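Trainee: I have a model open and would like to go through it with you. May I start with the overall fold and then move to the details?

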Amino acid sequence: MTERIQIPALAAEGYRTIVKLDGYVGRNIEEPLGDLIKLRASQINGCTYCVDMHSVDLQGRGFPLRKVFAVSAWRESPWFDERERTALELTEAVTLIHEDGVPDELYERALAEFGEEGLANMLLAIATINVWNRVAIPTRMQPPSL
C-alpha cells in the first residue's frame, strides 16, 4: 500500500496541534501505561503503523516482549497488575464508546485508581491515540521496513 496524503504538509497547524497534545499526554501519563494505552487502542482500531510503533517503544523501554504480545489478551494474562488492567479496560471502553459507553463501575474504579487529575489525563491519552489512529489508517501510514 502507498501512503495517500501527507497531512503534516497539507494541514501543518492542525497536525502540530495533535503533536502538542501528544507531548502533553506523554508528560502526564506514567510509563508503561502510556504505551499500553496506545498499543491497545491501536490494536482495536487496526492501525498497523501505531501497533508497530508502540510495541517497539515498549520493547525499547525493557518491557517484557511476552507481555507486549499479551496486550491483546490482557484479560486472560496473569502478567498485568490492577493499575494496568484498569487502564486497558478504560482504553477499550473509550475506544469502543459507541458500544456501551463507559460503565459507571469502570469509571468509579478508574477514578479510585488514578484520581481526578490522573483520570482526566488518562482520558486525554486515550482520545489522543484514537486521533492518531484516525489519521494513520485513512492515509495508509506504513511502519518502517523490517
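Predicted model: local features only at pLDDT ≥ 70, side-chain atom pairs only at ≥ 80, totals over all residues.

Trainee: What radius of gyration does the chain have, and what would a compact globule have?

Mentor: The chain has 15 Å, and a compact globule of 146 residues would be near 15 Å, so the two agree. Along the principal axes, the C-alpha atoms fill a box of roughly 40 × 30 × 30 Å. Of the 146 residues, 38% count as buried.

Trainee: Turning to H3, is it mostly covered or mostly uncovered?

Mentor: H3 is mostly covered, with ten of its 13 residues buried. Among them are Leu33, Leu36, Ile37 and Leu39, and also the charged residues Asp35, Lys38 and Arg40.

Trainee: What covers the buried residues of H3?

Mentor: The cover includes H2, helix H4 (48–60), helix H5 (65–70), helix H6 (82–95) and H8.

Trainee: What length does H3 reach, and what is expected?

Mentor: From its first C-alpha to its last, H3 reaches 18 Å, close to the 18 Å expected at 1.5 Å a residue.

Trainee: What is found at the two ends of H3, starting with the loop between H2 and H3?

Mentor: Pro32 lies in that loop, between helix H2 (12–28) and helix H3 (33–45). The peptide bond joining Glu31 and Pro32 is cis, with omega about 10°. Just after H3, Gly46 takes a positive phi of about 75°.

Trainee: Which residue other than glycine has a positive phi near 60°?

Mentor: That is Arg140. Its place is in the segment after helix H8 (104–139).

Trainee: Why does Arg140 count as partly exposed?

Mentor: Its relative accessibility is 30%, and partly exposed covers values between the buried limit of under 20% and the exposed limit of over 50%.

Trainee: Last topic, the surface and the charges. How far apart are the mean positions of the positive and negative charges?

Mentor: They are 7 Å apart, for 15 positive and 22 negative charges. As for the surface, the chain exposes about 8300 Å², and carbon and sulfur atoms supply 56% of that area.

Methods:
Residues numbered from 1 in each chain as written. Heavy atoms only, no water. Helix = DSSP H or I, 4+ residues; strand = E, 2+ residues; numbered from the N terminus. Buried < 20%, exposed > 50% of the residue type's maximum accessible area, 1.4 Å probe, protein only. Rg over C-alpha atoms; globule rule 2.2 N^0.38 Å. Areas by Shrake-Rupley, 256 points an atom, 1.4 Å probe, with all protein chains shown as cover. Charge placed at Lys NZ, Arg CZ, Asp CG, Glu CD. Expected span 1.5 Å × (residues − 1). Contact = heavy atoms within 4.5 Å.
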